[in-house]
Amino acid sequence: MATRRQSESVLEAERSKTKPPPLFKVLLLNDDYTPMDFVVAVLQKFFGMSREQATRIMLKVHREGVGICGVFPQDVAATKVEQVSGYARKHQHPLACVMEES
């Protein structure tokens, strides 16, 4: 029978072996057609940003060509990309939303 100390060290060793799942950045890409107000609305609706935060990210996308909306586990990031892309299409905007491993 293992002592309490031995079983605790086994649990600690097992815990240290498991790595956290990889995280993915969700990015918006600039285009010449999607209105700035629409991008701000998307950031508020799908990423829970305040108007000020959303405006800051929108301007970064506009000036630098890309902006980070957030960092999430893979399944959450994929869902966000799908939601934003579908919403943009529904409103006939070419706004591109992609994800990449961080």
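**Exercise 1.** In this predicted model, β1 and strand β3 (residues 96–101) pair over six bridges. Determine the sense of this pairing and the residue that stands opposite Lys 25.

*Solution.* Step 1: the two strands pair in the antiparallel sense. Step 2: Lys 25 stands opposite Glu 100 in β3.

**Exercise 2.** Describe how strand β1 (residues 23–29) is joined to strand β2 (residues 66–73).

*Solution.* Step 1: β1 and β2 run antiparallel, with seven bridges between them.

**Exercise 3.** Characterise the packing of helix α2 (residues 36–47) against helix α3 (residues 51–64).

*Solution.* Step 1: two packed helices are described by the angle between their axes and the distance between the axes. Step 2: for α2 and α3 the angle is about 125° and the axes are 8 Å apart. Step 3: angles of 65 to 115 degrees count as roughly perpendicular and those over 145 as roughly antiparallel, and α2 and α3 are therefore oblique to each other. Step 4: their crossing is right-handed. Step 5: on the α2 side the contact residues are Met 36, Asp 37, Val 39, Val 40, Leu 43 and Gln 44, and these meet Arg 51, Ala 54, Thr 55, Ile 57, Met 58 and His 62 in α3. Step 6: by class, the residues of this contact are seven nonpolar, three polar and two charged.

**Exercise 4.** Find how many aromatic pairs the whole structure holds, and classify the one formed by Phe 38 and Tyr 87.

*Solution.* Step 1: the search gives three aromatic pairs. Step 2: the rings of Phe 38 and Tyr 87 are 5.5 Å apart centre to centre, with 10° between the planes. Step 3: planes under 30 degrees apart count as stacked, so this pair is stacked. Step 4: Phe 38 lies in helix α2 and Tyr 87 in helix α4 (residues 74–90), so the pair ties together parts 49 residues apart in sequence.

Methods. Residues are numbered from 1 along each chain as its sequence is written. This is a predicted model: local features need pLDDT of at least 70, side-chain atom pairs count only at pLDDT 80 or more; totals for chains, interfaces and linings use all residues. Side-chain values use heavy atoms; hydrogens and water are left out. Axes are lines fitted to C-alpha atoms, for helices over the stretch in contact, and angles run from 0 to 180 degrees between N-to-C directions. Helices (H or I, at least four residues) and strands (E, at least two) are DSSP runs, numbered from the N terminus. Angles under 35 degrees count as roughly parallel, over 145 as roughly antiparallel, 65 to 115 as roughly perpendicular and the rest as oblique. A crossing is left-handed if the near helix is turned anticlockwise from the far one by less than a right angle, and right-handed if clockwise. Contact means heavy atoms within 4.5 Å. Ala, Val, Leu, Ile, Met, Phe, Trp, Tyr, Cys and Pro count as nonpolar, Asp, Glu, Lys and Arg as charged, and the others, Gly among them, as polar. Two strands pair if DSSP finds at least two bridges between them. Rings of Phe, Tyr and Trp (its six-membered ring) pair if their centres lie within 6.5 Å; planes under 30 degrees apart count as stacked, over 60 as edge-to-face and the rest as tilted.
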